[in-house]
Amino acid sequence: MTRIGKQTIGLDNRPVIIQTASIVGPKEAQGPMAGYFDHCLEDEFWGEKTWEKAESKIIKETVNLAISKSGISSSAIDFCFAGDLLNQCISSSFGLRDANIPFFGVFGACSTFVESMTLGSIFIESGAANNVICATSSHFCSAEKQFRFPLELGNQRPPTSQWTVTGSGCSILSSSGEGPCITHVTPGKIVDMGIKDANNMGAAMAPAAFDTLMAHFEDTGRKPSDYDAIVTGDLGYIGKDILEDLCKTKGYNISHNYDDCGVLMFDKLEQDTHSGGSGCACIATIFSGYFYKQLQERKIKKLLLIATGALMNSTSSQQGESIPGIAHAIAIES
Amino acid sequence: MTNPIETPSTYNKYVDKKSPNSPIFKNCFNAFWVGGLICSIGQIIFDFCKYQGLETASANTVVSIVLIGIAAFLTGLNIFNKIGKFAGARFFNSYYRFCEFYCFTCYRV
């Protein structure tokens, strides 16, 4: 493990992503990415009484699925890093309470998936673990209830709003084995540019994504063309556009190999999702479902995965606080 | 190109330019005529009840029952939420959510 530049860590032993799993909700199942997910739910409750219980079940089953697909026993998993959007991360802690794996609850809002993978890969690199599991979940109904308005109120959604992805994605990292490996991690700084609109998350998070992206390029000496794909988590259409603009101010043109999971998840016109998908599960399911397979098939050889998060809660919004953004990046090679 | 993230205020101005606004005139117009149409239907039912000899209080109750009944029926057919989205009024959607709950409960029972 080597510290490169200001905030990047180079992983010499290259932790391997040996398996991933993804489960998504019914709306995601109607989207263009549906075919890549392991399992699509028919309704938001999945036989549970509340949305929160459903979300816990989704993350639990996703973790179980990843473990069974990987062929290693759950006792061989040394640590679990997981998080979600609900208060005190109840979806992951309740969902994984029977997993019997040492557990770290992680919160980085929608950036949690890459944050978990960053921490997990450093655990493996340091020799503290052989296998770790990283998982995140989100649920449209429980997230709307907590962060914006109760669904029953039937509020109208502005064009800048995004649709929280219902689902969970999970990856198993290992010190050995077959699969794409993590070569660099660039944890991001908190960046707050004074955006207060909780219905415009893309704009709130784009400066953080820009900051992390520039730090990654500066630290590693790489440039956008060194990657086959640069993928952000959930900036949506507006945030994606802003990030491309911001990169141009520093002389980088990322538009030819850059995409956003929030844009990829839904069909904007058919599904009425406005500025695209969001939530912890957005990047987690798209990476676990789509990009992991692309890496395995070597259609993408070098991927820079940047998860973006808005570090606000409902109280801070009600008190008129602005929304601090964060973004963490990992470089993956197949 | 100037740097939009120089200060929070320049960034906010830049974001305002980038973000599409809600189509407020279209929304208001649709809310106006759909709302007016619903009121007119209610008035027709009310007048019919009065014509049939009902008292004002009873006629009011019948109007509510019929309108909620129609809304519940359309909700069952998955039409009401589309009208709610089109007409773009929160109260109207609350009506829909009530009916959705009502239908959901009936369906489950």
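How many residues of domain 1 of chain A are in contact with how many residues of domain 2 of chain A? Let's take a look, one view at a time.

**View 1. The two domains of chain A meet.** In this predicted model, 62 residues of domain 1 touch 64 residues of domain 2, where contact means heavy atoms within 4.5 Å. The domains span 2-174 and 181-333, with bounds from an automatic or database domain assignment. About 5100 Å² is buried between them, 63% of it from carbon and sulfur atoms; this is the accessible area (1.4 Å probe) that two parts lose on being put together, summed over both. On the domain 1 side, Gln7(A), Cys110(A) and Gln162(A) lose the most area, together 14% of what that side buries.

**View 2. A salt bridge joins Arg14(A) and Glu333(A).** Their side chains come to 3.4 Å, N to O, and the rule (Lys or Arg side-chain nitrogen within 4 Å of an Asp or Glu carboxyl oxygen) finds one such bridge across the domain interface.

**View 3. Surroundings of Ile182(A).** Leaving aside neighbours within four places in sequence, Ile182(A) is in contact with residues including Leu11(A), Arg14(A), Met117(A), Leu173(A) and Ile332(A).

**Notes.** Residues are numbered from 1 along each chain as its sequence is written, and chains are lettered from A and ligands numbered from 1 in the order in which they are written. Local features need pLDDT of at least 70 and side-chain atom pairs count only at pLDDT 80 or more, while totals for chains, interfaces and linings use all residues, and side-chain values use heavy atoms, leaving out hydrogens and water.
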